[in-house]
Amino acid sequence: MSTLVFQAVRWTAAASLTRAMLAVLQVYILARIINPADFGLFALVMVIVNAVALLSDGGLSSSIVHFQDVSRDELSSIYWLNVLIGSVLAGAVFLAAPAMAVFFNSPDLEAPVRWASGTFVIISLGQQYRSLAEKRLSFDYLAKIEVISAVAAFFATIQVALSGGGTWSLVVGLWTSCTFTTALMLIFENRENRARLHFNIKETSRFVKFGASYVGVNIANTISLQMDLVLFGKFFSSHMLGLYSQPRDMCLRIMFLINPIITRVSFPMIARSQSNVLEVKRLYLSVIRMTSSINMPIYGFIAAFSSDVVLVLLGPNWLEASSLLRVLALWCMFRALGNPLGSLLYATGRTTMALLSSITVAISLVALVLMGATFGPVGVPAALTLLYVVLVPAFWAFIIKKVCGASFLEYTAQILSPLLCTALSVSAALLSTGWISDVYLRLVGALTISGVLYLAFSALLNRQWIGAMKMLLLGRRRNAAR
């Protein structure tokens with residue numbers, strides 16, 4: 001990777017780690033203020049918000065990154081089309097809120113959904129500027145905006161929760177985050193990139209065509225990401241949904257904070273190299289090794305020490321969720337492997353392939369979750385885990401081999417090394433800390449032992465990742481020395 005790429009990764013990592021610490025602290029505080037039923041209600045709100053948010057720009061933002069020759073007139077036309085789409089979706093969700101409350105048999109759902117619908121308009125006003133910043137690898141600029149927005153949302157959420165706001169505290173946090181992000185984008189984005197009062201629908205045609213497949217993929221991905229919550233909300237109580245949704249959110253948040261550190265940078269880099277298959281393969285395999293090497297030890301540790309993690313982060317009232325967290329961690333460990341696939345397909349213009357694969361995953365997921373739900377709450381994450389274990393070789397056979405020519409050995413080598421290091425280090429931590437009675441001391445001791453051993457095993461079995469991390473962490477110091 002070039003110096004520019006490592007700088008982009010460092011800035012993205014700094015922002016993600018800051019947001020992760022705020023998220024952990026927020027969960028730690030809210031779990032002791034808000035009951036599981038309130039979390040369950042907000043989980044349903046976010047099912048709806050996330051489902052619509054993925055459709056809110058019609059794939060136009062990704063098309064801006066893919067196409068390397070975009071004029072100012074085209075950018076203006078795309079911008080106003082994006083705002084129009086966001087506004088229409090906001091109105092549709094607002095009007096459909098009562099029906100959604102009836103579907104989930106939850107009258108309290110209507111008001112939060114209506115308030116959350118307004119965020120679609122706010123997001124649409126700044127989405128294009130985010131994509132332009134990512135395209136030019138201006139991740140220092142994005143990192144600062146994201147951290148400021150996260151801090152503002154954190155304090156707003158905690159303040160409302162302490163005032164007895166319950167679910168509304170999380171809705172206020174959502175509004176605060178979106179508003180700060182968009183406002184800062186509008187204030188600090190380069191004047192040359194700002195949208196003008198210009199709109200010509202013909203200028204959006206190639207971007208809409210590219211985005212059409214993207215929208216289809218997002219619909220399928222939304223089903224894959226949200227359907228377990230929808231079915232869980234239908235089959236089980238709000239209390240049980242809260243016990244499921246909070247550990248699930250915790251696990252997904254880790255992946256959605258870690259993977260974008262790499263994928264947000266790799267997407268424009270692969271797009272620039274899309275005509276060079278060997279370079280595309282090299283970049284994609286590097287992404288898989290990096291994301292696997294960071295995600296696997298974290299999820300492996302959470303799965304092994306799920307009861308301790310629940311006690312420390314959520315408190316004793318949530319101990320029932322530990323068995324769910326254990327399986328959810330394993331699900332996310334394997335789900336994280338498929339997450340970078342979107343960057344590869346969109347950067348190389350394989351939107352149809354992305355659409356077909358997403359539809360296949362969505363259909364398989366719905367069928368397996370329905371089957372898993374018959375075995376009780378734990379059956380749902382167990383079904384999800386089984387699906388994504390099977391998808392690891394399937395993705396290679398039907399997509400990765402065809403797009404970048406990577407062999408099965410090259411692909412699995414990026415996964416098996418960190419998986420083995422994780423198994424060895426976590427097993428040693430379990431054996432070494434079982435005698436410690438205090439949960440905090442046991443967790444700290446296990447984290448220290450597994451972390452040190454993981455790095456030691458990686459130095460022997462995963463040297464490529466160790467080398468990349470050294471360049472990432474020490475690169476700035478070396479550049480300064482020069």
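1. Is the crossing of helix 15 and helix 16 left-handed or right-handed? In this predicted model, the two helices make a right-handed crossing. The contact involves Met353, Ser357, Val361, Ser364, Leu365, Leu368, Val369, Gly372 and Ala373 on the helix 15 side. Helix 16 contributes residues including Gly379, Val380, Ala383, Leu387, Tyr388, Phe395 and Val403. Sorted by class, this contact of helix 15 with helix 16 holds 16 nonpolar and four polar residues, with no charged ones.

2. On geometry, helix 15 spans residues 351–373 and helix 16 spans residues 379–404. They pack at an angle of about 160 degrees, and their axes lie 9 Å apart. Angles over 145 degrees count as roughly antiparallel, and helix 15 and helix 16 are therefore roughly antiparallel to each other.

3. The crossing of helix 17 and helix 18 is right-handed. Among the residues in contact are Ser417, Pro418, Leu424 and Ala428 of helix 17, and Arg442, Ile449, Tyr454 and Phe457 of helix 18. By class, the contact of helix 17 with helix 18 has 12 nonpolar, eight polar and one charged residues.

4. The largest nonpolar core has 110 residues, and within it Leu109 and Ile400 touch the most other members. Helix 10 (residues 238–272) supplies the largest share of this core, 14 residues. Another core, of 11 residues, lies apart from it and includes Tyr79, Tyr129, Leu142 and Ile145.

5. Leaving out residues up to four places away in sequence, Ile400 touches Tyr284, Leu341, Phe395, Gly405, Ala406 and Tyr411. Phe395 also takes part in the contact between helix 15 and helix 16.

Terms used
Residues numbered from 1 in each chain as written. Predicted model: local features only at pLDDT ≥ 70, side-chain atom pairs only at ≥ 80, totals over all residues. Heavy atoms only, no water. Axes fitted to C-alpha atoms, helices over the stretch in contact; angles between N-to-C directions. Helix = DSSP H or I, 4+ residues; strand = E, 2+ residues; numbered from the N terminus. Parallel < 35°, antiparallel > 145°, perpendicular 65-115°, else oblique. Left-handed = near helix turned anticlockwise from the far one by under 90°. Contact = heavy atoms within 4.5 Å. Nonpolar A, V, L, I, M, F, W, Y, C, P; charged D, E, K, R; others polar. Core = buried A, V, L, I, M, F, W, Y, C linked by side-chain atoms within 4.5 Å. Buried < 20%, exposed > 50% of the residue type's maximum accessible area, 1.4 Å probe, protein only.
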